[in-house]
Amino acid sequence: MYLEIARRNLKRQRMRSVLAIVGMIIGVMAISSIGIFGNSLKMSTLEVFGGVATEIIVYPSYQDGYSSIDPHTALKISKIPGIQDFIAVKSRTDYITVRKERVFGTVYGIDDPGQLVKISRGSLVLSSSNCLAGAVLAEKYGLRVGSKISINGYSLRVSGILKEKGRSFDINPDRGIIVSEQTFNRLYGGDYSFIVVYAGSVTGVKKVSDQIDSVVNRRGTVVKIWEMKDFLESINRAFTYISRFLMAIAGVSLLVAGVSILNIMLMSTIERTKEIGIMKAIGASRSEILTIFLLEAILLGVTGSILGGVLSIAGGYAIDMIILKSAKYVFVSKTFLYIAQGIGFGLITAVVSGLYPAWKASNLEPIDALRYE
Amino acid sequence: MEKEKREIVRLEKVVKTYHMGEHTVHALNGISISISEGEFVAIMGPSGSGKSTLLNMIGCLDVPTEGRVLIDGVSTAEMTEEELTRIRRDRIGFVFQSFNLIPTLSARENVELPMIFRKVGEKERKERAQKLLEKVGMGDKSDHRPSELSGGEQQRVAIARALANDPSIILADEPTGNLDTSSGNEIMNIMKELNRTGRTIIVVTHDPSVADFAERIIRIRDGKLDVS
Ligand SMILES: Nc1ncnc2c1ncn2[C@@H]1O[C@H](COP(=O)(O)OP(=O)(O)OP(=O)(O)O)[C@@H](O)[C@H]1O
Ligand SMILES: [Mg+2]
């Protein structure tokens, strides 16, 4: 019944209530939409880095004077339990002769690069006389499967064209080529530049990296170990902070909505002073008056927040389309979390804004309230 | 008719002072009254003599500056706010000059309101409200809003509301003040009927013909009993 009384009181000042609800809708929508956008931004960034969370990269420790990893160390690493894939990488930047032009690019020596790159045409199988060409290189110089290139007079047949890999923390063969380790040894010799290993599971990453550390770095730091997981987590964290910061800015609009609820509730407390006096005269207690007035604020808050929450799907969609040009991250489960968060903040704002006017109403002296005209 | 002589309301040397900036107004100036259960009392006096202040004091809406107001032998000044609220809710029914119905509620809901405050169950509440409205001749207009009722009809609803929690004291401040003579008479007849069923009625009025319904008239002037 108190709820019904509250509802009718809001209807009495329809325009005013509608405006307060609109304020709430805007506030909640701003927070939730920006939350949804922040999440989309994070997810699309993680996609660009495309890292697998089980990936661990082992570099020589340059600070300690190591510039490569020797085969003995590499062998020790490969034998560590919990490793699912082991890829030792040799690399060198050099001039590659393509159609009589000398192009500066990276030459990788990897025996089984299937984990690190994807093939677009041809095959990934490497022998002593062929190579895989990076996407950008192939495109720029019109390389096809079967084209010939040479390095330092050593001729190689292009047996596969790679898919573009983009930014990455292991290898970047887009402007270079990949040859077998044997071929690389014949060209340059030398030890490994770094080693990429994959743990069997995300939870196994820590164990593997600890093992590498204890096996290889027992007598001084020989290698640095870098977990992709850490990196992904730090991206995650950074974007969570950005997202929260943006939401806090959007929160200002919710604050404004809260002030408008405060304002209309104070107005109606004053307008209904006489009514409060009557209710007290016929037996309403302080807490009952408080309940009636607080319910009005809550009703405004609930209506505005829920509508705002629902509309924020559209808001998030719009921002994503404008900035990220894609809405594929709008319909993910995290979205509901941000909607719930927006609604939650909306409700809290409404209750906090309604508390003071309701408290004020409940504290009126019955006799003063009754005399009020 | 025989009546019990149990004292229900007692005022002892009650003083009520209001401070208006520099001035102090003695709305009540040492007034002592005793009212027995089942009495029908009219309080008369010129405007500003302190009638409303007196009635509000009895109705536990206000407490005296000096002296004591006792309801059933208990001083209102010693009651907690909760106890005052409970007395207003359960023991006293208020009827005002300007009816004072809640405009957003229907006639029946207005009558239900004191029962809502007493946490009476919905079914019982609705039935009782309807019965009370029938008793004051408003049974067929229970769904009307106050704005759809005449002054006399509104005042009848107000009486039904005053009766909601079956109080033993009915306080009415100029209940006929905004009504024409015939509606006023109807209201006073209802009051008389309530008095016949054992309720104590205290009515403030200017109107001698209204005071005629009472069995005792208390006259006050300048916040004191007028014994001239
Ligand atoms: N809250 C208040 N503040 C200041 N003065 C007050 C207050 N309430 C009453 N008074 C003063 O106390 C005196 C008595 O007021 P009260 O309302 O009791 O008179 P009344 O006899 O009911 O008059 P009326 O017949 O016009 O209703 C008046 O002078 C009034 O101005
Ligand atoms: Mg008066």
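These legends describe close-up views of a predicted model. Local features need pLDDT of at least 70, side-chain atom pairs count only at pLDDT 80 or more, and totals for chains, interfaces and linings use all residues.

**View 1. Ligand 1 lies between chains A and B.** Around ligand 1 are 14 residues, each with a heavy atom within 4 Å of it. Coming nearest are B:Ser47, B:Gly48, B:Lys51, B:Ser52 and B:Thr53.

**View 2. Polar contacts of ligand 1 (pairs of N or O atoms within 3.5 Å).** A polar side-chain atom of B:Thr53 is 2.5 Å from a ligand 1 oxygen. For the side chain of B:Ser52, an N or O atom lies 2.7 Å from an oxygen of ligand 1. B:Gly50 uses its backbone: a polar atom there is 3.0 Å from a ligand oxygen. Ligand 1 on its own has 630 Å² of accessible area (Shrake-Rupley method, 1.4 Å probe). The protein covers 73% of that area.

**View 3. The largest nonpolar core has 75 residues.** A nonpolar core is a set of buried Ala, Val, Leu, Ile, Met, Phe, Trp, Tyr and Cys residues joined through side-chain atoms within 4.5 Å. Buried means under 20% relative accessible area (1.4 Å probe, protein chains only). B:Leu11 and B:Leu113 touch the most other members. Apart from this core lies another, of 37 residues, including B:Met138 and B:Val203.

**View 4. B:Leu113 and its contacts (heavy atoms within 4.5 Å).** Neighbours within four places in sequence are left aside. B:Leu113 then contacts A:Ile5, A:Met279 and A:Ile282 in chain A, and B:Ile102 and B:Leu105 in chain B.

Methods: Residues are numbered from 1 along each chain as its sequence is written. Chains are lettered from A and ligands numbered from 1 in the order in which they are written. Side-chain values use heavy atoms; hydrogens and water are left out. Buried means under 20% relative accessible area, exposed over 50%, partly exposed in between (1.4 Å probe, protein chains only). A polar contact is a pair of N or O atoms within 3.5 Å; within protein, one must be able to donate a hydrogen and the other to accept it, and residues adjacent in sequence count only if both atoms are side-chain atoms.
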